[in-house]
Amino acid sequence: MVEGPMTIDRVNRALAEFKEPETGRGIVQVKQVHDVKLDGNNVSVTLGLTTFSAPVWKTTRAELEEHLRRRLPEAQRIDVKLALHERPAEKMGEIGLAAKAVIAVGSGKGGVGKSTIAAILACGLARAGCNVGLLDADMYGPSIPHLLGSSERPRMIGDRIEPITIDGVKVMSMGLLVPPGEAVIWRGPMLHGAITQFLRDTEWGQPDYLIIDMPPGTGDVALSLSQLLPLSGAVVVCTPQEVALLDAAKAIAMFRKVNIHVVGMVENMSFFMCPDCGARHDVFGHGGARAKAAELHVPFLGEVPLNIALRIRGDEGRAGSSFDDQDSKPYLDALCRNLVETLVARRRAKPPMPDLPVIG
């Protein structure tokens, strides 16, 4: 049903119905619409988007164009341009961390590639244009420095810790503070204190995403994080075989018990594609994580193949360059995109927030 002749008012009403990705508010409400023009039956508009949603900018533009076509069926041409919209992050929790999303990456057991997935998510989001921090919270077995190929020590500037920057990602890890091969032997309270200091006293800036590489299993760190700040969610990494899926289910139960929303599961080492003959081998089985995610009502974020190039890059401290491997890139890109799309869908699904107050 056509509402009447094309007018700028009709265009603006249609725009007001569309929600932006980061906050789930209407794009008109948060002043992210500019240069709305109507030339006959041709509509043009500039949509401002934040770096938080950088991996889904193209998708968001396509969604807005489709929305306007449905609401303005007589429009002959719809042109949506994108521009950067800057929005500061709000402080989270009692420690005052300013981040737009904090994502814990965990697993029910070791050896499933959790740290590799955490590093890939951080580097992939940074490559897409997001502002990203990566906290290695595995105090007893920190592997992020090795995966990213750095032994540079963070510096103290005043009473603040300056994280190191690798591949565009701000990184903090106990592995950067202790000599190689030295064990960290701490009880729970010391662990909680270290996590608090890394979150509170590190100069993270205002990241769109702070990715936290959790220690394997279920333990004190998840409880500490749930007490310190409101996490946006957790990603659970597992391999396809049943024993790994059982442990992944325990990790999901643990996150839920401490009120951390599980935003998705990742199936790592999902299959092996032989580089010589091209045959596919399901070394650990295949599809177990997808099935378990459906059973537990958790989004499935994607699968990552068992790939020799990924293993070599991680061993050589070049995990951040995994996106340069053309066989792996489609799976890694999908992983990052699906994570952001899942967060966006959840924020858009929340009840509408009241209008922002007018100051001044």
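How do the axes of helix H3 and helix H10 cross, and within what distance do they come? In this predicted model, local features need pLDDT of at least 70 and side-chain atom pairs count only at pLDDT 80 or more, while totals for chains, interfaces and linings use all residues. Residues are numbered from 1 along each chain as its sequence is written, and side-chain values use heavy atoms, with hydrogens and water left out.

The axes of helix H3 (residues 114-128) and helix H10 (residues 329-349) come within 9 Å and cross at roughly 80°. Helices here are DSSP runs of H or I with at least four residues, strands are runs of E with at least two, and both are numbered from the N terminus. Axes are lines fitted to C-alpha atoms, for helices over the stretch in contact, and angles run from 0 to 180 degrees between N-to-C directions. H3 and H10 are therefore roughly perpendicular to each other, a term that covers angles of 65 to 115 degrees. In the contact (heavy atoms within 4.5 Å), Ile 117, Ile 120, Leu 121, Gly 124 and Leu 125 of H3 meet Leu 332, Leu 335, Cys 336, Leu 339 and Val 340 of H10. The residues of this contact divide into nine nonpolar, one polar and no charged, where Ala, Val, Leu, Ile, Met, Phe, Trp, Tyr, Cys and Pro count as nonpolar, Asp, Glu, Lys and Arg as charged, and the others, Gly among them, as polar.

H10 is also a neighbour of helix H9 (residues 308-315), whose buried residues pack against helix H4 (144-148), strand S17 and H10. Buried means under 20% relative accessible area, exposed over 50% and partly exposed in between, for a 1.4 Å probe and protein chains only. In H9, Leu 310, Arg 313 and Gly 314 are buried. Seen down the axis of H9, these residues fall within an arc of 100°, so they line one face of the helix, the arc being that of the directions from the helix axis to the C-beta atoms.

Helix H8 (residues 288-295) has Gly 288, Ala 289, Lys 292 and Ala 293 buried. They cover an arc of only 130° around the axis, which puts them on the same side of H8, whereas the face turned away from that buried side carries the exposed residues Ala 294 and Glu 295. The buried residues of H8 pack against strand S13 (233-238), helix H7 (242-257), strand S14 (262-268) and strand S17 (300-304). Of the five residues of S17, five are buried. S14 and S17 pair in the parallel sense over four bridges, pairing being assigned if DSSP finds at least two bridges between two strands, and Met 265 stands opposite Phe 300 in S17.

Elsewhere, an open sheet of three strands has the order S1-S2-S3, with mixed pairing. Strand S1 (33-39) and strand S3 (77-84) stand at the edges, each with a single partner strand, so one side of each is left without a neighbour in the sheet. Strand S2 (residues 42-49) runs parallel to S3, to which eight bridges join it, and Val 43 has Ile 78 in S3 as its bridge partner. Leu 82 belongs to S3 and, at 24% relative accessibility, counts as partly exposed.

Key. Angles under 35 degrees count as roughly parallel, over 145 as roughly antiparallel, 65 to 115 as roughly perpendicular and the rest as oblique.
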